[in-house]
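Please keep the sequence and the structure in view while reading.

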Amino acid sequence: MWLNEMITYQDTNYRRSIPAEERLSICLRFLATGDSYRTIAGSFRAGISTVSMLIPDVVAAIWDCLVEEFMAVPGAEEWRSSDGGIVSNSAFGNDCQTPLRLHSNFRRGKRESRN
């Protein structure tokens, strides 16, 4: 399903829906600038509550459209091979005591007297 179809809503007798292009513009402006909902609502002459409900809706639609193509979830075998041998070739252990063992190799020097 295309993004345009996912974020287009039907007009009613009481209101006209915000076009998909403007919904996408509002969402991208928020993602690009990080402005507050109030600032974006003022820029687009929309209500703050409208913007606050629109942005998560459009972001979810973008995710649903692009997740298969760009964010494919790797399988179990891909996860195992993704470390590139770092864990198996490492001189460090895979436990909580490793930092303590590394730290214990350092010896403290003698304190100098202040006299």
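Which residues does Ser-17 touch, not counting residues up to four places away in sequence? In this predicted model, Ser-17 touches Tyr-9, Gln-10 and Asp-11 when residues up to four places away in sequence are not counted.

**Ser-17 and its surroundings**

- Ser-17 is found in the loop between helix H1 (3-7) and H2, where its side chain reaches the backbone oxygen of Tyr-9 at 2.9 Å.
- The relative accessible area of Ser-17 is 17%, and because buried means under 20%, Ser-17 counts as buried.

**The chain as a whole**

- Read from the N terminus on, the elements of the chain follow the order α-α-α-α-α-α-α.
- The chain has 115 residues, of which 15% count as buried.
- Taking the contacts between residues at least 6 apart in sequence, 45% of them join residues at least 24 apart.

**Packing of H3 and H4**

- Two packed helices are described by the angle between their axes and the distance between the axes.
- For helix H3 (residues 37-44) and helix H4 (residues 48-70), that angle is about 105° and the axes lie 9 Å apart.
- Angles of 65 to 115 degrees count as roughly perpendicular, and H3 and H4 are therefore roughly perpendicular to each other.
- On the H3 side the contact is made by Tyr-37, Arg-38, Ile-40 and Ala-41, which meet Ile-48, Val-51, Ser-52, Ile-55 and Pro-56 in H4.
- The residues of this contact of H3 with H4 divide into seven nonpolar, one polar and one charged.

**The largest nonpolar core**

- In soluble globular proteins, nonpolar side chains tend to be buried together.
- In this chain the largest nonpolar core has 12 residues in all, made up of Ile-7, Ile-18, Ala-20, Ile-26, Cys-27, Ile-40, Ala-41, Val-51, Leu-54, Ile-55, Val-58 and Ala-61.
- Helix H2 (20-33), H3 and H4 are the elements that give two or more residues to this core, and H4 gives the most, with five residues.
- Ile-40, Ala-41, Val-51 and Ile-55 belong to this core and also take part in the contact of H3 with H4.
- Ala-61, a member of the core, touches Leu-3, Met-6 and Ile-7, not counting residues up to four places away in sequence.

Terms used:
Residues numbered from 1 in each chain as written. Predicted model: local features only at pLDDT ≥ 70, side-chain atom pairs only at ≥ 80, totals over all residues. Heavy atoms only, no water. Axes fitted to C-alpha atoms, helices over the stretch in contact; angles between N-to-C directions. Helix = DSSP H or I, 4+ residues; strand = E, 2+ residues; numbered from the N terminus. Parallel < 35°, antiparallel > 145°, perpendicular 65-115°, else oblique. Contact = heavy atoms within 4.5 Å. Nonpolar A, V, L, I, M, F, W, Y, C, P; charged D, E, K, R; others polar. Core = buried A, V, L, I, M, F, W, Y, C linked by side-chain atoms within 4.5 Å. Buried < 20%, exposed > 50% of the residue type's maximum accessible area, 1.4 Å probe, protein only. Polar contact = N/O pair within 3.5 Å; in protein donor to acceptor, adjacent residues only side chain to side chain.
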